[in-house]
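The sequence and structure come next.

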Amino acid sequence: MFGQMDLGYRSYRPISKDTAYVYKLFTVKEHRGRRVLPGFYRFVAMQLEEIGIKRMLCWVNSTNVPSLKSHTRCGFLPIGSFYEIQLFGKTHYVLTRQARLSIGDQTQAIPRKRE
């Protein structure tokens, strides 16, 4: 995805134009442990570089330890978190301040007082 990240059903966040958002990846059980993900990211990185994309963002569930380890081995670094909150039948997505700043979205940033 380019220009935005998909947080959930009809919930998109703008991201910088030089960034691609990669999501909904998985490796089928028979091929796990074969380093398929690093190969995929190497291939995709070359393709994206040709069109001016300088970085990739991805979302990994915090409870998916194998995926977190695999993405770390691929060179991804944690930049923050987002939460899905359901209130009164509506779903809301909230990004941490660190995540918003990392993706360049300061629409919900709250100014902090300097001490």
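Strand S5 (residues 82-87) supplies the largest share of the nonpolar patch, 3 residues. This is a predicted model, in which local features need pLDDT of at least 70, side-chain atom pairs count only at pLDDT 80 or more, and totals for chains, interfaces and linings use all residues. Residues are numbered from 1 along each chain as its sequence is written, and side-chain values use heavy atoms, leaving out hydrogens and water.

**Nonpolar patch**
- Tyr-83, Ile-85, Leu-87, Phe-88 and Val-94 make a nonpolar surface patch of about 550 Å².
- Patch residues have over 30% relative accessible area and no salt bridge, and nonpolar side chains are joined within 5 Å; a salt bridge is a side-chain nitrogen of Lys or Arg within 4 Å of a carboxyl oxygen of Asp or Glu.
- Areas come from the Shrake-Rupley method with a 1.4 Å probe.
- Leu-87 lies in strand S5 and is partly exposed, at a relative accessible area of 45% (buried is under 20%, exposed over 50%, partly exposed in between).

**Helix H1**
- Helices are DSSP runs (H or I) of at least four residues, and strands (E) of at least two.
- The buried residues of H1 (residues 36-50) are Leu-37, Pro-38, Tyr-41, Val-44 and Leu-48.
- They lie on the same side of H1, because they cover an arc of only 130° around the axis, taken from the directions from the helix axis to the C-beta atoms.
- Exposed Arg-42 and Glu-50 sit on the face turned away from the buried side of H1.

**His-71**
- His-71 belongs to helix H2 (residues 65-73) and is buried, at 8% relative accessible area.
- Beyond its neighbours within four places in sequence, His-71 contacts Leu-37, Tyr-41, Cys-58, Val-60 and Phe-76 (heavy atoms within 4.5 Å).

Definitions and conventions:
Buried means under 20% relative accessible area, exposed over 50%, partly exposed in between (1.4 Å probe, protein chains only). Patches are made of residues with over 30% relative accessible area and no salt bridge: like charges are joined within 9 Å, nonpolar side chains (Val, Leu, Ile, Met, Phe, Trp, Tyr) within 5 Å. The expected span of a helix is 1.5 Å times one less than its number of residues.
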